[in-house]
Amino acid sequence: MEFKNLKLSKKTTFVIWVLIIAFIIAAPSILPVFRLNLLGRYLSLAIVALGVDLIWGFTGLLSLGQGIFFALGGYCAAMYLQITSSSEFPNNIPEFFGLYGVDNLPFFWEPFRSPIFSLFAIWVIPALVAGILGFLVFRNRIKGVYFSILTQAALLVFFNFFNGQQKLINGTNGLKTDVTQLFGQMVGSESIQRMFFWFTALLVIAAWFFSKWVVKGRFGNILIGIRDDEPRVRFTGYNPVLFKTIIFSIAGGLAGISGALYTVQSGIVSPQFMTVPFSIEMVIWVAVGGRGTLLGAILGAVLINYAKSLVSEALPASWMFIQGGLFILVVTALPEGVLGWVQGEGPRNLLQRLGLKRKIETYPSLEIKNQTGGLKNE
Amino acid sequence: MNKNTNSLLSLENITVSFEGFLALNDLNLSLKKGELRAVIGPNGAGKTTFLDVITGKVKPAKGDVFFKGKSLIGRKEHKIARLGVGRKFQSPRVFENLTVKENLEISVATPKSPLNLINKKIKNDQLDEIEHLMKVINLSKKIDSKAGALSHGQKQWLEIAMLLGQKPDLMLVDEPVAGLTDEETDLTADLLKSLSGENTVVVIDHDMEFIRRLDSNVSVLNQGTVLCEGTMDSIQNDKKVIDVYLGRPEE
């Protein structure tokens, strides 16, 4: 697979951000509650997409198992909400335990009574699981397709495990959050949901800044080095295992935060978060938006999901075809994603083909790069 | 234990077997500190495998490698690199998606830990070092262009600069002049010659003119073992070498 490094120009990034922020600020007043809630959910998915871009777009690790960490974050949030809202149920434990005749709270639920523990658990537990899993895989130098298959296998293991544990976490039914209480109000209520929307919007921006900080500078360059030529990195004196473990763990933590925000806004977490197609979709968002651009991951996650809900409402059966078509289009025609196409020579080539713009004499990349390079040197 | 304390690197009875094929067969070789050594040999003689063994990429079935008195066998590649063994690959392997400067930053950075790289700025003396290296390889004007946009020769030189930036005690240089023009070849030879003395350099190449210009001791490898060692002149008159490698002049 060819990777090109795309650095979006400052201007493009700025314009896109102004649009995003203006939209986020305007959204609560122009969108109906239902649509606002959808937007909030899709924004939370942008955070897991950022993680996918870090490990895939920058480091070349195609994980098909990000659903594991996404669901873990969701379960941590849901466990906190359930346990702190269970005072009116028998034995003071969440209601569903009664269905299976469980009288005593399983031990691992206890710490989730603490809001501080839960807030940390949401990202620390997925990051730790990702770190441990990643270390074992990377230490054995499992790469490429084998890594992807392994992450998908891990996803299936987690899915089946969570599906079967009725007495611990309500198994396949999952944990509902919308009827639980937070700050004395129902989590599903409009005011709490509105608060979650703002919170999600802020966290997306924070996650973007954080990811940007991770990939800029020498650490990010090593990640790109690992993606393009890992043995060379090793012979230069770096241990790629450490770098890959760290970035995989970071992506896991981001997935956890994303899953928690998605859970509280959709009202339930269940093993459905760990199905194979969902984790593959995460990769598609990034591929369509543009690998290695960060912003492309955010746009891809939000826009594709929004399109999905709009299309599904109008033509329920057709979304899968559109999504598949989109992926094929991107792989064949826009290998660097939409943002990569816009930023590269895509628009100019299109205009030339349509006869709207004159062809230039030499390769545009040569002319442009030399000019900017020259300016920088002075 | 390494008996020969005088040598920086010594390979003792190294045998490498690839599914029965002996890529290296009981190879012995030692290098003094500051030496420039050329290694030649026909295709398949084990030249690249010889570098793979030193840098930890290939584990020998038998024998031991000592570097500064320590055995390198069983150490990971990055640990060996940190001990002071630098390697330039056969085809230039620079990070094409990074700029020339970023490539050099990676090579000069110390310590090479993730924490150091993520939260600290590059040190000033390392920036000076990069500037110095840019001058050595004559790429100062290209500092912000992508390494992938460089010409083949420039990539070869950038990789040599990356090697220098690592400040290795031992430089292993695999075919540094493959695909270079005559002029570039001469400049590379002069550069490598100027490095020896302070650095210990092993150069592997096919190009006889280039090796001659290095004016160093030459080891000839054949079928995984050292056929003979000596100056270029003595090598060229050695009957065994002529038979396997140089070929008889047509009369």
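**Close-up 1. Helix α2 of chain A and the glycine that follows.** In this predicted model, α2(A) is followed by G60(A), a residue with a positive phi near 80°. The helix itself covers residues 33-58 of chain A.

**Close-up 2. Helix α5 of chain A and its bend.** This helix takes in residues 115-139 of chain A, 25 residues in total. At 1.5 Å a residue it should span 36 Å, and its end C-alpha atoms are 35 Å apart, which agrees. Where does α5(A) bend? The bend is at A121(A), and it comes to about 45°. A121(A) is also one of the buried residues of this helix, which include I122(A), W123(A), L133(A) and F138(A). What do those buried residues pack against? Their partners are three helices of chain A: α3 (66-84), α6 (144-164) and α10 (240-266). Just past the end of α5(A) comes R141(A), with a positive phi of about 60°.

**Close-up 3. Helices α11 and α12 of chain A crossing.** Here α11 (residues 276-289) packs with α12 (residues 295-314) at an angle of about 115°, and their axes are 7 Å apart. The crossing of α11(A) and α12(A) is right-handed. From α11(A) come W285(A), V286(A), V288(A) and G289(A). They meet a set of α12(A) residues that includes G296(A), L299(A), G300(A) and I304(A). What sort of residues make this contact? They split into 7 nonpolar and 3 polar, with no charged ones.

**Close-up 4. Where chain A and chain B touch.** Chain B puts 26 residues into the contact and chain A puts in 25. Which elements of chain B give two or more residues to the side that touches chain A? They are α2 (77-83), α3 (100-108) and α4 (114-119) of chain B. Sorted by class, that side of chain B has 10 nonpolar, 6 polar and 10 charged residues.

**Close-up 5. A cis peptide bond in chain B.** Some background first: most peptide bonds are trans, and most residues other than glycine have a negative phi. The bond from T110(B) to P111(B) is cis, with omega near -15°. You'll find P111(B) in the loop between α3 and α4 of chain B.

**Close-up 6. Two loop residues of chain B with positive phi.** Neither residue shown here is a glycine: E19(B) has a positive phi of about 45°, and N138(B) has one of about 65°. E19(B) sits in the loop between β1 (7-18) and β2 (21-32) of chain B. N138(B) is in another loop, between α5 (124-136) and α6 (152-165) of chain B. Are they buried or exposed? E19(B) has 4 other C-beta atoms within 10 Å and is exposed. N138(B) has 12 C-beta neighbours inside 10 Å, so N138(B) counts as exposed too, because the cut-off for exposed is 12 or fewer.

Conventions: Residues are numbered from 1 along each chain as its sequence is written. Chains are lettered from A and ligands numbered from 1 in the order in which they are written. This is a predicted model: local features need pLDDT of at least 70, side-chain atom pairs count only at pLDDT 80 or more; totals for chains, interfaces and linings use all residues. Helices (H or I, at least four residues) and strands (E, at least two) are DSSP runs, numbered from the N terminus. The expected span of a helix is 1.5 Å times one less than its number of residues. The bend at a residue is the angle between axes fitted to the seven residues ending there and the seven starting there. A residue is buried if 20 or more other C-beta atoms lie within 10 Å of its own, exposed if 12 or fewer, and partly exposed in between; C-beta atoms are placed from the backbone. Two residues are in contact if their C-beta atoms, placed from the backbone, lie within 7 Å. Ala, Val, Leu, Ile, Met, Phe, Trp, Tyr, Cys and Pro count as nonpolar, Asp, Glu, Lys and Arg as charged, and the others, Gly among them, as polar. Axes are lines fitted to C-alpha atoms, for helices over the stretch in contact, and angles run from 0 to 180 degrees between N-to-C directions. A crossing is left-handed if the near helix is turned anticlockwise from the far one by less than a right angle, and right-handed if clockwise.
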